[in-house]
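Please keep the sequence and the structure in view while reading.

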Amino acid sequence: MGARASQPYEIKERIDGKTVIVTGCNTGIGKPTAQEFYRVGGRVIMACRDVSKAEKAADEIRKEVELSFPHDKAGKLIVKKLDLSSLESIRNFVDDLNDSEDQINILVNNAGVMSPTRKTTADGFELTFGTNYLGHFYLTLLLLPKILASAPARIVNVSSLAYEYGRIHWDDLSLERHYGMFTAYSQSKLANILFTRELASRLDGSGVTAYAVHPGMVPTELTRFTDKYYILTTVKKSLSQLWSRVHTNVLEGAATSLYCALDESTATESGFYYRYGCDGQLTVPGCGSD
């Protein structure tokens with residue numbers, strides 16, 4: 001396994017003229033991920049469920065880049081509605097993109113949810129699996145024709161170290177019989193990795209590469225749905241103390257996604273799992289054989 005990234009990823013080249021999609025980027029590691037793409041000239045599509053929050057985040061990003069990097073020529077930020085728990089919303093988003101965008105050079109499937117109680121998507125899937133995996137799976141497949149036409153291109157799936165504790169419940173994918181928050185989350189993150197491996201295999205030789213990443217233990221709003229549960233809130237306070245010792249701020253957490261999306265050394269790699277970032281060399285331990 002790789003070593004923890006101790007600093008943000010340093011982007012070596014500008015990406016003027018390239019179009020980047022980042023899901024769930026109004027907060028957490030998605031926000032600095034989008035900010036860095038924007039800072040170095042990218043046309044960044046901020047694909048978010050809450051448009052008003054995304055517009056606010058976009059304004060904050062513009063101000064931060066202008067203040068901290070006054071001599072850099074920034075790209076463009078475009079906010080679009082995308083609810084990954086709704087297949088209709090995903091189709092509408094892709095239809096919009098097919099009309100407005102000539103190319104898609106980088107797709108970062110970043111958005112994620114956790115829920116202490118079992119909930120379902122608009123289409124009847126368990127919420128965590130439906131959003132974290134099925135939503136991104138469907139989004140990626142619908143965008144794939146345009147991504148292939150834009151090759152060389154890259155697809156980054158944000159997974160988690162939690163995958164090591166997960167298994168695919170083939171006889172109960174929606175966990176109707178035995179739901180647990182971490183059971184659902186770890187299953188969804190294992191599915192992200194398995195999808196990355198299969199996607200890389202099927203896209204071999206196409207010029208499109210795929211990566212799965214674990215950003216590290218980053219305190220984000222991922223567990224925001226647990227706030228009203230006292231026990232879980234207490235656990236979150238304990239975790240925050242642990243986080244302060246073992247990792248990182250969100251900009252460092254974004255390093256893994258940026259590394260896989262931009263670094264020259266990963267251009268010919270595909271299907272691998274990168275943990276913590278910036279050292280590469282990582283396959284998918286514990287996921288079984290092909």
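## Packing of α3 against α4

In this predicted model, helix α3 passes α4 in a right-handed crossing. The contact is made from the α3 side by L87, I90, R91, F93, V94, L97 and N98, which meet G135, Y138, L139, L142, L143 and K146 of α4.

The two helices α3 and α4 pack at an angle of about 20°, and their axes lie 10 Å apart. Because angles under 35 degrees count as roughly parallel, this angle makes α3 roughly parallel to α4.

## The buried face of α3

Which residues of α3 are buried? They are S89, I90, F93, V94 and L97. Seen down the axis of α3, these buried residues fall within an arc of 130°, so they line one face of the helix. An α-helix has 3.6 residues a turn, so residues three or four places apart point the same way. On the other side of α3, E88 and D99 are exposed.

What covers the buried residues of α3 includes the strands β1 (19–23), β2 (43–48) and β3 (76–81), together with helix α4 (127–149). As for the length of α3, its 14 residues (87–100) should span 20 Å at 1.5 Å a residue, and the end C-alpha atoms are 20 Å apart, which agrees with that expectation.

## Packing of α4 against α5

Helix α4 also packs against α5, and here the axes come within 7 Å and cross at roughly 20°. That angle makes α4 roughly parallel to α5, and the crossing of α4 and α5 is right-handed.

Which residues of α4 and α5 meet? On α4 they are T128, F129, N132, Y133, F137, T140 and L144, and on α5 they are A184, Y185, Q187, S188, K189, A191, N192, F195 and L199.

Most residues other than glycine have a negative phi, and most peptide bonds are trans.

A cis peptide bond, with omega about 5°, joins A151 and P152, and P152 lies in the loop between α4 and β5 (153–158). L175, which is not a glycine, has a positive phi of about 50°. The place of L175 is in the loop between β5 and α5 (181–202). Is L175 buried or exposed? With a relative accessible area of 1%, L175 is buried, because buried means under 20% relative accessible area.

T19 is found in strand β1, and at 4% relative accessibility it counts as buried. Not counting residues up to four places away in sequence, T19 touches R43, I45, E101, Q103, I104, N105 and I106.

K119 has its place in the loop between β4 (106–109) and α4, and at 35% relative accessibility K119 counts as partly exposed. Leaving aside neighbours within four places in sequence, K119 is in contact with F125, E126 and L127. The C-alpha atoms of K119 and Y179, which are 60 residues apart along the chain, are separated by 9.8 Å. P8, for its part, lies in the segment before β1 and at 33% relative accessibility counts as partly exposed. P8 touches L251, E252 and A255, again not counting residues up to four places away in sequence, while P8 and Y259 are 251 residues apart in sequence and 9.7 Å apart in space, C-alpha to C-alpha.

## The protein as a whole

The protein contains 8 helices and 7 strands, and buried residues make up 54% of its 290 residues. Among the contacts in the protein with a separation of 6 or more, 78% are accounted for by residues 24 or more positions apart.

Methods
Residues numbered from 1 in each chain as written. Predicted model: local features only at pLDDT ≥ 70, side-chain atom pairs only at ≥ 80, totals over all residues. Heavy atoms only, no water. Helix = DSSP H or I, 4+ residues; strand = E, 2+ residues; numbered from the N terminus. Expected span 1.5 Å × (residues − 1). Buried < 20%, exposed > 50% of the residue type's maximum accessible area, 1.4 Å probe, protein only. Arc of directions from axis to C-beta. Contact = heavy atoms within 4.5 Å. Axes fitted to C-alpha atoms, helices over the stretch in contact; angles between N-to-C directions. Parallel < 35°, antiparallel > 145°, perpendicular 65-115°, else oblique. Left-handed = near helix turned anticlockwise from the far one by under 90°.
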